[in-house]
Each structure stands twice: as structure tokens, then as C-alpha cells.
Amino acid sequence: MVAPDLRRPLVRQLAAAEGPRRYWHTADEAGRVWLFESVEGGDGEQWAIRQVEVGPDRAARRYWWEHLQDEQGFLTDQPLEIWDLTEIPGAAFDSVWEAAG
């Protein structure tokens, strides 16, 4: 994982990009849920610019360029493997993002 100080300008640049946003959802058998807002990078891959993680305890944590990581987790630093994710409406992502704030 790249140090947050080095990643911050890269993620901020992606977040400011004009390209279309896509929204994704995935979950695991333990009850954890991840939601992502992504943009396409210059490499054609989808890169997360905002992420919400909801634990089995229903505690939600938000990650974006201003808050890349904490002791609980971090904004993914790899392109999203979209074939493992379910695309969702932006409004669904935004409602969870706002509730987690």
C-alpha cells in the first residue's frame, strides 16, 4: 500500500475528474458490506474515490481523499475488480455515505 501522503494528491485528482461516476456494492458471509464510488483512470480501470465499509456491528466508516485510512481500514489502493461487484444507483451510495457521516 502506498503511504497516504503520497496517495492523497492522486486520489484527489481522480475525484476532481470530469468523467462519469459508477457505484458498486459487495458483501461477505460475515456480514461486512462495502460500497464504492469509482471513476475510470487513464489506464481504463475503475478506481475508488469514495468508499463506505459497514461492519457486522453496523458501524460504518467512510474513506476518501481527505480521510484515506484509520485504524479500522482504508480506501482501496488497487483498481476495483468490477466483475466481483454489483453496480448500484448513485442515490443508493449517497444515502449510505450521508448516513455514515
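Which residue stands opposite His25 in β5? The close-ups below come from a predicted model, and the first one holds the answer.

View 1. In β5, His25 faces Thr86. On β2, the residue opposite His25 is Leu35. Strand β1 covers residues 22-27 and runs antiparallel to β5, with 2 bridges between them. The pairing of β1 with β2 is also antiparallel, and here there are 6 bridges.

**View 2. The hairpin of β1 and β2 turns through Gly31.** Here 5 residues sit between the two strands, and Gly31 adopts a positive phi near 95°.

**View 3. Five strands make an open sheet.** Follow the strands across in the order β4-β3-β2-β1-β5, and you will find antiparallel pairing. At the edges are β4 (60-64) and β5 (86-87), each with pairing on one side only. Helix α2, residues 90-100, packs on this sheet and touches β1, β2 (33-40), β3 (46-54) and β4. The direction of α2 makes about 50° with that of β3.

View 4. The model has 3 aromatic pairs. One of them is Trp64 with Trp97, an edge-to-face pair with 5.4 Å centre to centre and 80° between the planes. This pair joins distant parts of the chain, since Trp64 belongs to strand β4 and Trp97 to helix α2, 33 residues apart. Phe93 and Trp97 form a stacked pair, 5.9 Å centre to centre with 20° between the planes. Both of these residues lie in α2, 4 residues apart, or about one turn of the helix. Is Trp97 buried or exposed? With a relative accessible area of 6%, Trp97 counts as buried because that value is under 20%. Phe93 is buried too, at 0%. Together, Tyr23, Trp64, Phe93 and Trp97 form one aromatic cluster.

View 5. In soluble globular proteins, nonpolar side chains tend to be buried together. The largest nonpolar core here has 10 residues, including Val11, Trp24, Phe36, Trp65 and Leu85. Beyond its neighbours within four places in sequence, Trp65 is in contact with Arg8, Val11, Arg12, Ala15 and Ile49.

View 6. The average pLDDT is 91, and 95% of the residues score at least 70. Among the elements, helix α1 (residues 4-16) has the lowest mean, 84, while β5 has the highest, 98.

Key. Residues numbered from 1 in each chain as written. Heavy atoms only, no water. Pairing = 2+ DSSP bridges. Contact = heavy atoms within 4.5 Å. Axes fitted to C-alpha atoms, helices over the stretch in contact; angles between N-to-C directions. Core = buried A, V, L, I, M, F, W, Y, C linked by side-chain atoms within 4.5 Å. Buried < 20%, exposed > 50% of the residue type's maximum accessible area, 1.4 Å probe, protein only. pLDDT = per-residue confidence, 0-100. Phe/Tyr/Trp six-rings, centres within 6.5 Å; stacked < 30°, edge-to-face > 60°.
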